[in-house]
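Work through the exercises below with the sequence and the 3D view open. Try each task before reading its solution.

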Amino acid sequence: MHATASNAVAAPERPADTGRTAKDARNDLIFGGVLKACALLVLLSLVGAAGSTLWLGQDAFSTFGWGFLTSATWDPSNDQYGALVPIMGTVGTAVIALVVAVPISFGIALFLTEIAPQWLRGPVASAIELLAGIPSIIYGMWGLFIFAPFVAEHIKPWLMNNLSADPPDGKVSWLVQHVPWIAKFFSSEYPFFGAGVLTAGLVLAVMIIPFISSVMREVFQTVPTRLKESAYALGSSTWEVVWDIVVPYTRTAVIGGVFLGLGRALGETMAVAFVLGNTFKFSLSFLETGSSIASTIANQFGEAQGLQRSALMAIAFLLFVVTFIVLLIARLMLRRLATKEGN
(Lines give C-alpha, C1' and ligand atoms only; values in the text may rest on other atoms or scores of the structure.)
Protein backbone atom coordinates (compact mmCIF):
# COMPACT_ATOMS: atom_id res chain seq x y z
CA MET A 1 0.00 0.00 0.00
CA HIS A 2 2.86 2.36 0.91
CA ALA A 3 4.70 1.37 -2.29
CA THR A 4 1.68 2.21 -4.43
CA ALA A 5 1.34 5.61 -2.72
CA SER A 6 5.00 6.37 -3.24
CA ASN A 7 4.79 5.44 -6.93
CA ALA A 8 1.83 7.76 -7.35
CA VAL A 9 3.92 10.74 -6.31
CA ALA A 10 4.77 12.79 -9.42
CA ALA A 11 8.37 12.73 -10.51
CA PRO A 12 10.15 16.08 -10.41
CA GLU A 13 10.02 18.02 -13.69
CA ARG A 14 13.21 17.79 -15.66
CA PRO A 15 15.06 20.93 -16.80
CA ALA A 16 14.43 20.08 -20.47
CA ASP A 17 10.68 19.95 -19.89
CA THR A 18 10.76 23.26 -18.05
CA GLY A 19 12.65 24.92 -20.90
CA ARG A 20 10.26 23.59 -23.52
CA THR A 21 7.24 24.75 -21.54
CA ALA A 22 8.67 28.25 -21.24
CA LYS A 23 9.49 28.30 -24.95
CA ASP A 24 5.97 27.20 -25.90
CA ALA A 25 4.47 29.84 -23.64
CA ARG A 26 6.67 32.51 -25.18
CA ASN A 27 5.76 31.40 -28.73
CA ASP A 28 2.06 31.41 -27.88
CA LEU A 29 2.39 34.91 -26.46
CA ILE A 30 4.17 36.16 -29.59
CA PHE A 31 1.64 34.44 -31.87
CA GLY A 32 -1.29 35.92 -29.96
CA GLY A 33 0.31 39.37 -30.07
CA VAL A 34 0.80 39.19 -33.84
CA LEU A 35 -2.84 38.18 -34.39
CA LYS A 36 -4.03 40.95 -32.07
CA ALA A 37 -1.88 43.47 -33.94
CA CYS A 38 -3.42 42.36 -37.26
CA ALA A 39 -6.93 42.80 -35.89
CA LEU A 40 -6.11 46.20 -34.42
CA LEU A 41 -4.49 47.28 -37.69
CA VAL A 42 -7.76 46.69 -39.53
CA LEU A 43 -9.69 48.57 -36.86
CA LEU A 44 -7.22 51.46 -36.85
CA SER A 45 -7.33 51.66 -40.65
CA LEU A 46 -11.11 51.88 -40.59
CA VAL A 47 -11.17 54.49 -37.84
CA GLY A 48 -8.40 56.44 -39.57
CA ALA A 49 -10.20 56.49 -42.92
CA ALA A 50 -13.52 57.52 -41.37
CA GLY A 51 -11.85 60.10 -39.14
CA SER A 52 -9.88 61.65 -42.00
CA THR A 53 -12.97 62.05 -44.17
CA LEU A 54 -14.83 63.60 -41.23
CA TRP A 55 -11.95 65.98 -40.56
CA LEU A 56 -11.60 67.02 -44.20
CA GLY A 57 -15.39 67.42 -44.53
CA GLN A 58 -15.85 69.54 -41.40
CA ASP A 59 -16.02 72.78 -43.43
CA ALA A 60 -19.08 71.51 -45.30
CA PHE A 61 -20.73 70.25 -42.10
CA SER A 62 -20.05 73.54 -40.29
CA THR A 63 -21.19 75.66 -43.25
CA PHE A 64 -24.45 73.85 -44.03
CA GLY A 65 -25.18 72.12 -40.71
CA TRP A 66 -27.96 69.53 -40.68
CA GLY A 67 -29.27 71.05 -43.89
CA PHE A 68 -26.42 69.31 -45.68
CA LEU A 69 -28.26 66.01 -45.17
CA THR A 70 -31.67 67.26 -46.31
CA SER A 71 -30.75 69.59 -49.17
CA ALA A 72 -31.00 68.41 -52.79
CA THR A 73 -28.94 71.32 -54.11
CA TRP A 74 -25.52 70.67 -55.59
CA ASP A 75 -24.30 73.83 -57.28
CA PRO A 76 -20.49 74.23 -57.46
CA SER A 77 -20.80 77.63 -59.16
CA ASN A 78 -22.53 79.08 -56.08
CA ASP A 79 -20.86 76.82 -53.48
CA GLN A 80 -24.16 75.30 -52.41
CA TYR A 81 -24.07 71.61 -51.60
CA GLY A 82 -26.46 69.03 -50.24
CA ALA A 83 -26.07 65.28 -49.81
CA LEU A 84 -29.69 64.18 -50.20
CA VAL A 85 -29.54 63.21 -53.90
CA PRO A 86 -26.28 61.16 -53.62
CA ILE A 87 -27.56 59.41 -50.50
CA MET A 88 -30.91 58.58 -52.11
CA GLY A 89 -29.18 57.38 -55.27
CA THR A 90 -26.80 55.16 -53.32
CA VAL A 91 -29.53 53.59 -51.21
CA GLY A 92 -32.01 53.33 -54.11
CA THR A 93 -29.67 51.54 -56.50
CA ALA A 94 -28.46 49.20 -53.74
CA VAL A 95 -32.01 48.26 -52.73
CA ILE A 96 -33.01 47.57 -56.35
CA ALA A 97 -29.90 45.44 -56.80
CA LEU A 98 -30.67 43.47 -53.66
CA VAL A 99 -34.32 42.88 -54.54
CA VAL A 100 -33.33 41.50 -57.93
CA ALA A 101 -30.13 39.67 -56.97
CA VAL A 102 -31.19 37.77 -53.84
CA PRO A 103 -33.95 35.59 -55.39
CA ILE A 104 -31.81 34.85 -58.46
CA SER A 105 -28.80 34.01 -56.31
CA PHE A 106 -30.96 31.79 -54.10
CA GLY A 107 -32.22 29.93 -57.15
CA ILE A 108 -28.72 29.50 -58.59
CA ALA A 109 -27.34 28.17 -55.32
CA LEU A 110 -30.21 25.70 -54.85
CA PHE A 111 -29.96 24.52 -58.44
CA LEU A 112 -26.24 23.82 -58.11
CA THR A 113 -26.53 22.04 -54.77
CA GLU A 114 -29.84 20.19 -55.00
CA ILE A 115 -31.02 19.78 -58.60
CA ALA A 116 -28.24 20.14 -61.17
CA PRO A 117 -26.54 16.95 -62.40
CA GLN A 118 -22.96 16.50 -61.33
CA TRP A 119 -21.52 17.18 -64.81
CA LEU A 120 -23.25 20.58 -64.96
CA ARG A 121 -22.31 21.92 -61.54
CA GLY A 122 -18.67 22.55 -62.31
CA PRO A 123 -19.13 24.60 -65.51
CA VAL A 124 -21.94 26.72 -64.05
CA ALA A 125 -19.98 27.39 -60.85
CA SER A 126 -16.94 28.38 -62.92
CA ALA A 127 -19.03 30.75 -65.02
CA ILE A 128 -20.35 32.43 -61.88
CA GLU A 129 -16.85 32.83 -60.50
CA LEU A 130 -15.78 34.33 -63.84
CA LEU A 131 -18.54 36.94 -63.54
CA ALA A 132 -17.20 37.87 -60.10
CA GLY A 133 -13.77 38.54 -61.58
CA ILE A 134 -14.89 40.95 -64.32
CA PRO A 135 -13.79 44.56 -63.57
CA SER A 136 -16.56 46.98 -62.71
CA ILE A 137 -15.69 49.31 -65.58
CA ILE A 138 -16.53 46.50 -68.01
CA TYR A 139 -19.95 46.20 -66.39
CA GLY A 140 -20.32 49.97 -66.73
CA MET A 141 -19.49 49.94 -70.44
CA TRP A 142 -21.84 47.03 -71.00
CA GLY A 143 -24.55 48.86 -69.11
CA LEU A 144 -24.07 52.09 -71.08
CA PHE A 145 -23.81 50.69 -74.60
CA ILE A 146 -25.89 47.51 -74.42
CA PHE A 147 -28.24 47.43 -71.44
CA ALA A 148 -29.28 51.11 -71.23
CA PRO A 149 -30.54 51.15 -74.85
CA PHE A 150 -32.47 47.93 -74.14
CA VAL A 151 -34.05 49.57 -71.08
CA ALA A 152 -34.94 52.68 -73.11
CA GLU A 153 -36.52 50.62 -75.86
CA HIS A 154 -38.36 47.91 -73.93
CA ILE A 155 -38.41 48.11 -70.13
CA LYS A 156 -38.89 51.82 -69.47
CA PRO A 157 -41.75 52.41 -71.97
CA TRP A 158 -43.59 49.35 -70.65
CA LEU A 159 -43.26 50.49 -67.04
CA MET A 160 -44.42 53.99 -67.90
CA ASN A 161 -47.38 52.77 -69.95
CA ASN A 162 -48.57 50.61 -67.06
CA LEU A 163 -47.44 52.50 -63.94
CA SER A 164 -47.04 56.16 -64.89
CA ALA A 165 -49.57 59.00 -64.72
CA ASP A 166 -48.19 60.36 -68.01
CA PRO A 167 -47.64 57.27 -70.19
CA PRO A 168 -46.08 57.57 -73.65
CA ASP A 169 -49.13 55.95 -75.27
CA GLY A 170 -51.47 58.43 -73.57
CA LYS A 171 -53.58 55.73 -71.88
CA VAL A 172 -53.52 55.80 -68.08
CA SER A 173 -53.71 52.25 -66.74
CA TRP A 174 -56.41 50.95 -64.43
CA LEU A 175 -53.84 50.46 -61.64
CA VAL A 176 -52.70 54.09 -61.74
CA GLN A 177 -56.30 55.30 -61.77
CA HIS A 178 -57.07 53.39 -58.58
CA VAL A 179 -53.63 53.60 -56.92
CA PRO A 180 -52.38 57.04 -58.03
CA TRP A 181 -49.44 57.25 -55.62
CA ILE A 182 -47.61 54.44 -57.43
CA ALA A 183 -47.07 56.78 -60.39
CA LYS A 184 -44.55 58.79 -58.33
CA PHE A 185 -42.09 55.90 -58.55
CA PHE A 186 -42.42 55.29 -62.30
CA SER A 187 -42.59 58.73 -63.90
CA SER A 188 -39.96 60.25 -66.16
CA GLU A 189 -39.48 63.36 -68.25
CA TYR A 190 -37.44 61.35 -70.77
CA PRO A 191 -39.28 58.09 -71.52
CA PHE A 192 -36.77 56.96 -74.15
CA PHE A 193 -33.56 57.63 -72.20
CA GLY A 194 -32.14 54.44 -70.72
CA ALA A 195 -29.84 55.72 -67.96
CA GLY A 196 -31.31 56.09 -64.49
CA VAL A 197 -31.66 54.63 -61.02
CA LEU A 198 -33.41 51.48 -62.24
CA THR A 199 -30.75 50.77 -64.86
CA ALA A 200 -27.96 51.29 -62.34
CA GLY A 201 -29.70 49.01 -59.86
CA LEU A 202 -30.08 46.24 -62.44
CA VAL A 203 -26.43 46.51 -63.46
CA LEU A 204 -25.45 46.31 -59.79
CA ALA A 205 -27.67 43.24 -59.43
CA VAL A 206 -25.72 41.49 -62.19
CA MET A 207 -22.48 42.44 -60.41
CA ILE A 208 -23.42 41.14 -56.96
CA ILE A 209 -25.20 37.95 -58.05
CA PRO A 210 -21.89 36.02 -58.30
CA PHE A 211 -20.88 37.04 -54.77
CA ILE A 212 -24.19 36.22 -53.09
CA SER A 213 -24.77 32.99 -55.04
CA SER A 214 -21.23 31.75 -54.33
CA VAL A 215 -21.67 32.32 -50.59
CA MET A 216 -25.07 30.63 -50.63
CA ARG A 217 -23.76 27.66 -52.60
CA GLU A 218 -20.87 27.10 -50.22
CA VAL A 219 -23.19 27.40 -47.23
CA PHE A 220 -25.81 25.05 -48.66
CA GLN A 221 -23.10 22.43 -49.19
CA THR A 222 -22.41 22.41 -45.45
CA VAL A 223 -25.86 20.98 -44.67
CA PRO A 224 -25.35 17.38 -43.46
CA THR A 225 -26.40 14.88 -46.10
CA ARG A 226 -28.06 12.70 -43.44
CA LEU A 227 -30.58 15.44 -42.64
CA LYS A 228 -31.66 15.78 -46.26
CA GLU A 229 -31.72 12.05 -46.91
CA SER A 230 -33.83 11.51 -43.79
CA ALA A 231 -36.33 14.08 -45.02
CA TYR A 232 -36.48 12.50 -48.46
CA ALA A 233 -36.96 9.09 -46.84
CA LEU A 234 -39.98 10.42 -44.96
CA GLY A 235 -41.55 11.49 -48.24
CA SER A 236 -40.59 15.18 -48.36
CA SER A 237 -40.36 16.89 -51.72
CA THR A 238 -37.33 18.87 -52.86
CA TRP A 239 -39.08 22.13 -52.00
CA GLU A 240 -39.94 20.87 -48.50
CA VAL A 241 -36.35 19.74 -47.91
CA VAL A 242 -35.05 23.14 -49.00
CA TRP A 243 -37.57 25.15 -47.00
CA ASP A 244 -37.61 23.00 -43.85
CA ILE A 245 -34.02 21.71 -43.72
CA VAL A 246 -31.58 23.71 -45.84
CA VAL A 247 -32.85 27.24 -45.19
CA PRO A 248 -33.21 26.97 -41.38
CA TYR A 249 -29.81 25.29 -41.10
CA THR A 250 -28.01 28.01 -43.09
CA ARG A 251 -30.10 31.18 -42.70
CA THR A 252 -27.57 32.98 -40.52
CA ALA A 253 -24.78 32.56 -43.05
CA VAL A 254 -27.14 33.33 -45.93
CA ILE A 255 -28.06 36.67 -44.39
CA GLY A 256 -24.37 37.39 -43.96
CA GLY A 257 -23.79 36.72 -47.65
CA VAL A 258 -26.69 38.97 -48.62
CA PHE A 259 -25.30 41.86 -46.63
CA LEU A 260 -21.87 41.21 -48.13
CA GLY A 261 -23.41 41.77 -51.56
CA LEU A 262 -25.21 44.86 -50.27
CA GLY A 263 -21.93 46.30 -49.07
CA ARG A 264 -20.47 45.78 -52.54
CA ALA A 265 -23.47 47.54 -54.11
CA LEU A 266 -23.26 50.52 -51.75
CA GLY A 267 -19.63 51.22 -52.58
CA GLU A 268 -19.63 50.57 -56.33
CA THR A 269 -18.29 53.48 -58.38
CA MET A 270 -17.48 53.04 -62.06
CA ALA A 271 -20.39 50.87 -63.14
CA VAL A 272 -22.87 53.22 -61.46
CA ALA A 273 -21.17 56.33 -62.86
CA PHE A 274 -21.72 55.05 -66.41
CA VAL A 275 -25.46 54.35 -66.19
CA LEU A 276 -26.90 56.47 -63.36
CA GLY A 277 -27.00 59.74 -65.28
CA ASN A 278 -25.09 61.80 -62.68
CA THR A 279 -27.72 64.51 -62.24
CA PHE A 280 -28.58 66.24 -58.96
CA LYS A 281 -32.32 66.38 -59.27
CA PHE A 282 -34.34 64.94 -56.40
CA SER A 283 -37.01 62.50 -57.51
CA LEU A 284 -38.76 59.48 -56.03
CA SER A 285 -38.99 57.85 -59.44
CA PHE A 286 -36.81 54.84 -60.21
CA LEU A 287 -36.86 55.80 -63.89
CA GLU A 288 -35.24 59.21 -63.44
CA THR A 289 -31.53 59.87 -63.50
CA GLY A 290 -29.68 60.52 -60.27
CA SER A 291 -26.33 60.36 -58.58
CA SER A 292 -24.60 58.24 -55.95
CA ILE A 293 -21.98 59.08 -53.35
CA ALA A 294 -19.21 57.09 -55.01
CA SER A 295 -19.95 58.32 -58.54
CA THR A 296 -20.14 61.93 -57.37
CA ILE A 297 -16.72 61.70 -55.76
CA ALA A 298 -15.22 59.96 -58.80
CA ASN A 299 -16.61 62.53 -61.25
CA GLN A 300 -15.81 65.71 -59.34
CA PHE A 301 -12.90 65.15 -56.99
CA GLY A 302 -10.20 65.78 -59.59
CA GLU A 303 -11.33 69.37 -60.18
CA ALA A 304 -12.79 70.14 -56.75
CA GLN A 305 -11.33 72.86 -54.54
CA GLY A 306 -12.23 74.57 -51.31
CA LEU A 307 -15.77 73.98 -50.09
CA GLN A 308 -16.59 71.61 -52.95
CA ARG A 309 -13.76 69.28 -51.95
CA SER A 310 -14.90 69.47 -48.34
CA ALA A 311 -18.44 68.57 -49.44
CA LEU A 312 -17.10 65.55 -51.33
CA MET A 313 -15.19 64.38 -48.27
CA ALA A 314 -18.31 64.93 -46.19
CA ILE A 315 -20.42 62.65 -48.39
CA ALA A 316 -17.54 60.14 -48.29
CA PHE A 317 -17.91 60.12 -44.51
CA LEU A 318 -21.66 59.68 -44.94
CA LEU A 319 -20.96 56.59 -47.03
CA PHE A 320 -19.07 55.20 -44.04
CA VAL A 321 -22.10 55.98 -41.89
CA VAL A 322 -24.56 54.33 -44.30
CA THR A 323 -22.38 51.23 -44.56
CA PHE A 324 -22.00 51.07 -40.78
CA ILE A 325 -25.77 51.29 -40.33
CA VAL A 326 -26.27 48.47 -42.83
CA LEU A 327 -23.72 46.26 -41.08
CA LEU A 328 -25.25 47.09 -37.71
CA ILE A 329 -28.66 46.01 -38.94
CA ALA A 330 -27.08 42.79 -40.22
CA ARG A 331 -25.48 42.10 -36.86
CA LEU A 332 -28.74 42.73 -35.03
CA MET A 333 -30.61 40.40 -37.37
CA LEU A 334 -28.01 37.67 -36.95
CA ARG A 335 -28.07 38.06 -33.16
CA ARG A 336 -31.85 37.85 -33.14
CA LEU A 337 -31.76 34.70 -35.27
CA ALA A 338 -29.13 33.20 -32.97
CA THR A 339 -31.35 33.97 -29.96
CA LYS A 340 -34.33 32.27 -31.59
CA GLU A 341 -32.23 29.22 -32.45
CA GLY A 342 -31.08 29.07 -28.84
CA ASN A 343 -34.64 29.10 -27.62
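## Exercises on loops, helices and core

Asn278 lies in the loop that links H12 and helix H13 (293–300). The model is a predicted one.

**Exercise 1.** Describe the backbone and the accessibility of Asn278.

Solution. 
- Step 1: Take the backbone. Phi of Asn278 is positive, about 55 degrees, although the residue is not a glycine.
- Step 2: Take the accessibility. The relative value for Asn278 is 28%. Partly exposed runs between under 20% for buried and over 50% for exposed. Asn278 therefore counts as partly exposed.

**Exercise 2.** Classify the packing of H7 and H9.

Solution. 
- Step 1: Get the geometry. The axes of helix H7 (residues 136–163) and helix H9 (residues 197–220) come within 9 Å and cross at roughly 130 degrees.
- Step 2: Apply the cut-offs. Over 145 degrees counts as roughly antiparallel, and 65 to 115 as roughly perpendicular. H7 and H9 are therefore oblique to each other.
- Step 3: The crossing of H7 and H9 is right-handed.
- Step 4: List contacts. H7 contributes residues including Trp142, Phe147 and Ile155, while H9 contributes Leu202, Val206 and Met207 among others.
- Step 5: Sort by class. The contact of H7 with H9 holds twelve nonpolar residues, three polar ones and no charged ones.

**Exercise 3.** Which residues touch the most other members of the largest nonpolar core, and which element gives the largest share?

Solution. 
- Step 1: The core has 50 residues, and Ile208, Ile212, Met216, Phe220 and Leu262 touch the most other members.
- Step 2: Elements giving two or more residues include helix H5 (84–115), helix H11 (238–267) and helix H14 (307–342).
- Step 3: H9 gives the largest share, 14 residues.

**Exercise 4.** Is Ile212 buried or exposed, and what does it touch?

Solution. 
- Step 1: Ile212 belongs to helix H9.
- Step 2: Its relative accessibility is 0%, so Ile212 counts as buried.
- Step 3: Leave aside neighbours within four places in sequence. Ile212 then contacts Leu98, Ala101, Val102, Ser105, Gly257, Val258 and Gly261.
- Step 4: Compare with Phe220. Not counting residues up to four places away in sequence, Phe220 touches Phe106, Ala109, Leu110, Thr113, Val246, Thr250 and Val254.

Notes:
Residues are numbered from 1 along each chain as its sequence is written. This is a predicted model: local features need pLDDT of at least 70, side-chain atom pairs count only at pLDDT 80 or more; totals for chains, interfaces and linings use all residues. Side-chain values use heavy atoms; hydrogens and water are left out. Axes are lines fitted to C-alpha atoms, for helices over the stretch in contact, and angles run from 0 to 180 degrees between N-to-C directions. Helices (H or I, at least four residues) and strands (E, at least two) are DSSP runs, numbered from the N terminus. Angles under 35 degrees count as roughly parallel, over 145 as roughly antiparallel, 65 to 115 as roughly perpendicular and the rest as oblique. A crossing is left-handed if the near helix is turned anticlockwise from the far one by less than a right angle, and right-handed if clockwise. Contact means heavy atoms within 4.5 Å. Ala, Val, Leu, Ile, Met, Phe, Trp, Tyr, Cys and Pro count as nonpolar, Asp, Glu, Lys and Arg as charged, and the others, Gly among them, as polar. A nonpolar core is a set of buried Ala, Val, Leu, Ile, Met, Phe, Trp, Tyr and Cys residues joined through side-chain atoms within 4.5 Å. Buried means under 20% relative accessible area, exposed over 50%, partly exposed in between (1.4 Å probe, protein chains only).
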